[in-house]
Amino acid sequence: MITSSEPNIAAVTLPKITVPTHPLWPELTAARRRELRAEIKRLLQERDAVLVAHYYTSGDIQELAEETGGCVADSLEMARFAAAHPATTLVVAGVRFMGETSKILNNEKTVLMPAPTATCSLDEYCPAALFTAFCDRHPDHTVVVYANTSAAVKARADWMVTSGIALPVIRHLAAKGEKIIWAPDKHLGSYVAAASGADMILWPGTCVVHDEFRGEAMQRMRAAHPAAAVLVHPESPAEVVVQADVVGSTTAMIQAVRELPNKEFIVATDAGIFHKMRQLAPDKILMEAPAVGIGGDCQSCAHCPWMEMNSLTNLLEALRSGENEIQVASELAAKARRPIERMLDFARRMKG
Ligand code: SF4
C-alpha cells in the first residue's frame, strides 16, 4: 500500500553536473553494419569474450549480444549473468557503473566497455566524499544504495539494490526496525518509502531521463488513449508513478507488455526498451510517455545520452584494441562486493 507521507530528503548540496548532448553517430549503410557485426562476432570468439548489454542500448547491440550467447538485461540480470558466465573477458555495453559492478564481481576477468566515459546522472549526483561524510553523520542508519553508483559509494554501503529488488529489500529491513539512508535516486526512494512505510532519508539525486516525465501531460495522454496501459519506472516523479497501471523495473515493464491484454501502452522509461518490447510483442502499440520539453528543451528526450554513447564502432574498437579496460583496485572491490553479494544472496533466497 502506498502511504502519503512526505519523503525525508537529505539536506545536502549536490554537485552541478553536465549532461552531454546526444551523440551524432554517422548513418551506417546496411552493408557496413553487417561488416561491423561480423567482425565483432569474430573478435568475441577470438578473445573468449561475452557481450552483456543493457536494454537501453541500440537494437544492433542488443541483437548482437543475443546472437552471440551474451545477454540483454537490466543491471541486476547483467550482474548475475556476468558473475555466472565462464568467459574470461566481459564486454559491458551500458554505462560506467555497470562495467565497474562486473569488475567488482569478477576481479580476475578482463572487463571492457565500448564507452567507458559514459556515466549516469545518479552516479554523478552522489560523489563518494560527500556521501561518506553524510553517512558518517548518521551512524545508526543502514546504508542502501542503488546500483547506479560508483565503486567507492558501494564500498560505504551495507546493501546495494537494483530497481527490481529495492522494495523487497527495504521491506525486509523495515520489518527489522532499521532506519535507512537511501541513495541516490529520490524518486525511487520516495516510492519504496511510501510502499514499505520504512523510515528513510533520501539522497536528492535524479535520473535525467525519468525525472523529465510529467504528470499533467500524462493525464492528457491517458485521456487521449483511455484503453492504454500505463507502465512507469519508479525513477519517475511521484505525479507520474501514481498514474501507473504497472510500476516496475525494465524487466517488469517488458513482462507487462507481453502479458497484459491491452493493445496500447504508454511507457515511462528510456525509449531503448522498445526494441525488446517489439521483439517480444510485435502486435502491441507502444507510445513514449510525455516528458518536459519533448521536441524543445528536454535534456534526455526519453533517451539516455550516456547509454547512446555505445555504438557498433566503439564496441569493435574496444575488442580490437583491448583498451577501455575497467579497473577497480582490489581492496576497494572487496569492500564494494559485500553489499552486492548481500543483494544477490537475498535475490537467491527470494527465488528460492
Ligand atoms: S537512464 Fe538514467 S539511470 Fe539509466 S544510465 Fe541514464 S541517467 Fe543513469
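## A first tour of this fold

In strand β12, A268 is the bridge partner of V232. That's a handy place to start looking around this predicted model. The protein has 15 helices and 13 strands. Its radius of gyration is 20 Å, close to the 20 Å that the globule rule gives for 352 residues, so the protein is as compact as a globular protein of that length.

**Overall build**

- Along the principal axes, the C-alpha trace spans about 55 × 55 × 45 Å.
- How much of the protein is buried? Buried residues account for 49% of the 352 residues.

- Strand β12 covers residues 264–268, and it pairs with strand β13 (residues 285–288) in the parallel sense over four bridges.
- To get from β12 to β13, the chain passes through helix α13 (residues 274–280), and this β-α-β crossover is right-handed.
- Two facing pairs show how these strands line up: F265 sits opposite L286 in β13, and V267 sits opposite E288, also in β13.
- β12 also runs parallel to strand β10 (residues 229–232), with four bridges joining the two.
- On that side, V230 faces I266 in β12, and V232 has A268 as its bridge partner in β12.
- β10 has another parallel partner in strand β11 (residues 246–247), and two bridges link that pair.
- V232 turns up here too, standing opposite V247 in β11.
- Is β12 mostly covered or mostly open? It's mostly covered, with four of its five residues buried.

**The five-stranded sheet**

- Elsewhere, five strands make an open sheet in the order β1-β9-β8-β6-β7, and their pairing is parallel.
- Which strands stand at the edges? They are β1 (8–9) and β7 (159–161); each has a single partner strand, so one side of each is left without a neighbour in the sheet.
- Inside that order, strand β6 (residues 141–146) and strand β8 (residues 179–183) run parallel and are joined by five bridges.
- If you want a pair to find on screen, T142 stands opposite I180 in β8.

- A183 and P184 are joined by a cis peptide bond, with omega at about -5°.
- Most residues other than glycine have a negative phi, and most peptide bonds are trans.
- P184 belongs to the loop between β8 and α9 (186–196).
- How covered is helix α9? It's mostly covered: 10 of its 11 residues are buried.
- The buried residues of α9 include K186, H187, L188 and G189, and Y191, V192 and A193 are also among them.

- D48 has a phi near 50°, which is positive even though the residue isn't glycine.
- You'll find D48 in the loop between α1 (30–46) and β2 (49–54).
- Is D48 buried or exposed? It's exposed, because it has 12 other C-beta atoms within 10 Å, and a count of 12 or fewer is the cut-off for that label.
- A302 also has a positive phi without being glycine, with a value near 65°.
- A302 sits in the loop between β13 and α14 (312–321).
- Is A302 buried or exposed? With 21 C-beta neighbours inside 10 Å, A302 counts as buried, since the cut-off for buried is 20 or more.

**The ligand's surroundings**

- Which of the 13 residues around the ligand come nearest? They are C120, S121, C207, V209 and C304.
- Sorted by class, this shell has 10 nonpolar, two polar and one charged residues.

Terms used: Residues are numbered from 1 along each chain as its sequence is written. This is a predicted model: local features need pLDDT of at least 70, side-chain atom pairs count only at pLDDT 80 or more; totals for chains, interfaces and linings use all residues. Two strands pair if DSSP finds at least two bridges between them. A crossover is right-handed if, with the strands pointing away from the viewer, the path from the first strand over the helix to the second runs clockwise. A residue is near a molecule or strand if its C-beta atom, placed from the backbone, lies within 6 Å of it. Ala, Val, Leu, Ile, Met, Phe, Trp, Tyr, Cys and Pro count as nonpolar, Asp, Glu, Lys and Arg as charged, and the others, Gly among them, as polar. The radius of gyration is taken over C-alpha atoms; the globule rule is 2.2 Å times the number of residues to the power 0.38.
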